[in-house]
Structures are given as C-alpha cells and as structure tokens.
Amino acid sequence: MALVSLSEDDFLKLGLLQSLHSEKRVYNTCFKTNLTRFKSAYYACPKTVCDLFDAVQSHDLLGDKQISNPKPTHMLLALRFLKEYPTKETLAGFGNCTEKTGLHRVWKYVEAIRALKHQKISWEFDEDSNAFPELYVATVDGVHCRICEPRKDPSSKWYSKKFNKAGLAYEIGIAVYHNRIVWVNGPFPAGENDKKIFDKPEGLASRLKAHQRVIGDEGYRGAPEKVSTRNTFDSIEVKEFKKRAKARHETINTRLKSFSILSQTFRTTGDLRLPRHKAAMEACCVIVQYELENRSPLFEI
C-alpha cells in the first residue's frame, strides 16, 4: 500500500479550512497567527500531525491497529475530538457525517495513535546503568480525570479529592535529564492515593533499580530509598533542583489537561469507559511526546 503523505503546509491549510476559516482568510493571515489558530483546534503543530499521520500508516509500528485507508481529514477530526471533546452531534457537524460514523472514525485514529506508545513512551532506564548513571532519573506525579460514577459499581473508591467527584488516576513519569515522558500507568480509581499506586506490583516502584530514585511531592513520603520528596535537610541547591524538577513535571500535566477529553467529565459509560479513557490518555501522551521532540521541548533543570 502506497503511503499517503501531506506536507506541513498542506496540513496547516487543510486544518484551518476544516476549522471553518476561509481560504482567503488563511492566505491573508501571517504564518504565526495561522499556526496559533491551528494549534488551538488540534493542539499539535503541523509537523507533529505529519509525523502522526505517517506513523499510523505503518504496519511495522502498529500491526492490526494500522490505518489501511488513511484520510487526512479523519486524522484532523480525531485530534480535534481529543482537544475540544465535542458532543457526538457537534462532532457529526465537524465531520459532515452521522454521529455513529463520526465516533467510529475518531476512536479508530485514537486507538492507532495510542498504539504508538510502545515506540514513543518507555522506561528507558532498564538499560545498562552506565548509560544512565544519574541518581534522580525521573519525576513522578498523579493526574486525576473526571468521570461519571459507575452505576454498576458505586463506591467511594472513585472519589477524587481534587474534584470532589468521581475520577480516574494515572501515574505519570518524566525523565529528569531527557526530553521524554517515560512512564504512563493507569487508570486506577481516584480514591487510591499516589503512594499506593506507586507501590503496586505494576507501579513505578517495581521498575526502579537500587541506585535509582525519582522525585515526587509529599504524597509519596514513606519510601525515601525510592522517592525523594521535600526534605528539611536538603541543601539550598538540592531544594532548588527538586523545585524546578517538580515545576517541569507540572508543565506536562498542564499540557495533558489542555486536551478537553482529559479535563472535562468523560462521557463514555459502561464497559467501554475504562479502556476508552485509557486509550485517550495514552494517545494524548503520545501527541505531547511528539510535540516535545518537535518544537515544544521541556526546559532544562
């Protein structure tokens, strides 16, 4: 199958036209303003969209998640769905299709983008310790997302103190000295605290070697051999280092919450609620990682 490919300029123009900007307006507007308008609708820059569109067509990367009949408009519709999280009726208007067709299209691409996680997001510190000799390898923090309380499983375990409502929790890890998201784990009921999730058999604690630590907030106190939190005995330099590391991590949380599908109450219910929310979170993390590698890197500590 021949690869369908568009340039950055092609995606920029197509995306703006899909956002109902007229061709004349696009032509008469400076590049910086057009780029701002594009990112406000799709989050990602045209370079990232090009890279994603090429990647979702790769059988080597995605296997059965490969998009066999790729259409640029469908890719843009999926990105807009993640960014704005419109209702299915509004989505149908954006895609000029029925509600059922619109949802099928966007989730097909969301699943394909999510499948790139194994290539773009991995705990790279399992390799030879000589390649990563630093003590502090990553920062860790929990992210909560709102959901409707499951009717078939009503319980206080879903309760999120951050929202005073039902929610899901994810554990996110960011490399301290590298421009990478290296860990995404979840979802878990929001009632489970960060330390409990960290200590689970599949949690981040299980991946740390004896010489490695991560930096976390006060919610991770209790395991100083694995997580370094704020400490009154730290020197001024170490305190500043931890402060900047945690602030750097918060920029990733902010980027993720710029996707309305993660910041608004998730509307999918029933048995699809958890797998689809997981797919959305992982797809958004993949998109953010592409942006980090393209034109929006994290600041250095």
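I began with Y43, which counts as buried at 11% relative accessibility. The model I am reading is a predicted one. I then looked up the backbone at this residue: Y43 has a positive phi of about 70 degrees, although it is not a glycine. I placed Y43 in the loop between helix 3 (31–42) and helix 4 (46–55).

I found N164 in the loop between strand 2 (159–160) and strand 3 (165–175). Is N164 buried or exposed? I noted a relative accessibility of 55% for N164; the cut-off for exposed is over 50%, so N164 counts as exposed.

I then examined helix 6, which covers residues 72–84 and has 13 residues. From its first C-alpha to its last, helix 6 reaches 18 Å, close to the 18 Å expected at 1.5 Å a residue. How many residues of helix 6 are buried? I recorded eleven of the 13, and helix 6 is thus mostly covered. Among the buried residues of helix 6 I listed P72, H74, M75, F81 and L82; R80 and K83 are also buried. Just after helix 6, I noted that Y85 takes a positive phi of about 45 degrees.

Last, I checked the peptide bond from G186 to P187. I found this bond to be cis, with omega near 10 degrees. I located P187 in strand 4, which covers residues 181–189.

Terms used
Residues numbered from 1 in each chain as written. Predicted model: local features only at pLDDT ≥ 70, side-chain atom pairs only at ≥ 80, totals over all residues. Heavy atoms only, no water. Helix = DSSP H or I, 4+ residues; strand = E, 2+ residues; numbered from the N terminus. Buried < 20%, exposed > 50% of the residue type's maximum accessible area, 1.4 Å probe, protein only. Expected span 1.5 Å × (residues − 1).
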